[in-house]
Amino acid sequence: MAKSKNITMFRCSQCGYSQPRWLGRCPQCGEWNSFEECISDPNASTAAFKVNGITEKIKPQPLSSVSAQEGNRLATGIEEFDRVLGGGAMQRSAVLIGGEPGIGKSTLLLQTCCQILKKLPVSRKDARILYVSGEESAGQIKGRADRLKLDVTGIEILCTMRLEDIRDALTAVNPLFVVVDSIQTVYSVEAGIVPGTVNQLKFCANELIGWVKERDSVLVMTAHVTKEGTIAGPKSLEHMVDTVISFERNDDEVRFLRAVKNRFGSVDELGIFAMTENGLEGVSDPSTMFITKRSGATPPGIANTCVFEGSRAFLVEIQALTVPAKAAVSRVYSDKIDSARVARVAAVLEKRTGLKFSEQDLYINVAGGVRLSESAIDSALAAALYSARTDIPVGENTVILGELSLAGEIRPVYRLKQRIKTARELGFRNVYVPEDEAQAVKVLTVRELVKQLFSQNKG
């Protein structure tokens, strides 16, 4: 099939009248010098830029003449969600949230819709929100809202999978906030009739993102994930949006919200929620949430450290277990701390302290199910492994901070003073760090750390 040829047109910026030649005055509305050069492109698919089959011709401009503007943020009314977004959802932006089925994506977004309307000033109380569902019926969504005792006034519900229906609803409602749950269920007849294909995902997401980029709205799309926890579908879908958020959970009722990509904020922040009978509730102070409260002595294989997630510091408990290898080759079982990091720390311990780990299977866990990736946990991980291997406990009220080098040196970490302050405020009297700090014990090597921690507890 031959492609249609693009034709240069001129369109009136006031009334939309178009014709093939430039005119000084519009014959329809009478406005002078209102004609702008456009292109008649029948193959163009982005509805946001199409006006009667004509797309505007974009021309370059000097970057120096562009004013840098932060833009307006829309407060979601949920503190932990705003924290991950960087202070609120940026208008004219698209957000993609991925999480396993049943984790609470729909609950979070329904609560967000209701909170946004509550936080709006009186002058904007007529604003509306569009909730598009391709997976649930309107009755199911209303039932969830009733169980959570949410006021849904101002929320328009659209249960469809057709992109054309969504496009018409966007034009009619002109919402301030748009939720599409989920993008994998949306299809367009222009890209086929089977939802979830690569072409459908890219085509439909591009249409929706194009619409929101031209208006002071926010688009949030939910996405399915694979068994590895990554967002299903083409990676280009993540490149198309402004923010990609991962929704995770541990074995309990705790949910973690973290940004994988954020053009308008940091990706280091962590939002923590607890699932209750009233829905998802933010945990504003997680300082002691991941520390196990015990009535007796601390068992072997346990070590505490202080980590930073964005701007917040909280204590975590690292748990280690070593047993003789069941096969000829030892293995590392760790899903909350990178297995390569565990193997590296164990190798440093074996080399610098002479304690054998090469014939042991290593099991590592983090209390509360939070994933740890920063280097400040190295020393605490080493202490937990040594304690598990020797069956000697670390000791009560102890926090260990520091990065471990391959030479067995313990190196300083950023925000050390704040970590020490957090530990002391929570009652941890013994803090081991690689620098001279008040109210802390200085240790420079892993051998020195082992001597300080375990020599007094032997026997």
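Colleague: What share of the residues of the protein chain counts as buried?

Modeller: Keep in mind that this is a predicted model. A residue counts as buried when its relative accessible area is under 20%. Of the 459 residues of the protein chain, the buried share is 48%.

Colleague: Thanks! Is F177 buried or exposed?

Modeller: You can find F177 in strand β11, which covers residues 177-181. Leaving out residues up to four places away in sequence, F177 touches L74, T112, C113, I116, R128, I129, L130, V218 and V220. Its relative accessible area is 1%. Buried means under 20%, so F177 is buried.

Colleague: Now the helices. How are α7 and α10 oriented to each other?

Modeller: Two packed helices are described by the angle between their axes and the distance between the axes. Here helix α7 (residues 339-353) and helix α10 (residues 446-454) have axes 9 Å apart and pack at an angle of about 80°. Angles of 65 to 115 degrees count as roughly perpendicular, so α7 and α10 are roughly perpendicular to each other.

Colleague: And how many residues of the contact of α7 with α10 are nonpolar?

Modeller: Let's go through who takes part. Helix α7 brings V348, L349, R352 and T353, while α10 brings V446, R447 and V450. Among the residues of this contact, 2 are charged, 1 is polar, and the number that are nonpolar is 4.

Terms used
Residues numbered from 1 in each chain as written. Predicted model: local features only at pLDDT ≥ 70, side-chain atom pairs only at ≥ 80, totals over all residues. Heavy atoms only, no water. Axes fitted to C-alpha atoms, helices over the stretch in contact; angles between N-to-C directions. Helix = DSSP H or I, 4+ residues; strand = E, 2+ residues; numbered from the N terminus. Parallel < 35°, antiparallel > 145°, perpendicular 65-115°, else oblique. Contact = heavy atoms within 4.5 Å. Nonpolar A, V, L, I, M, F, W, Y, C, P; charged D, E, K, R; others polar. Buried < 20%, exposed > 50% of the residue type's maximum accessible area, 1.4 Å probe, protein only.
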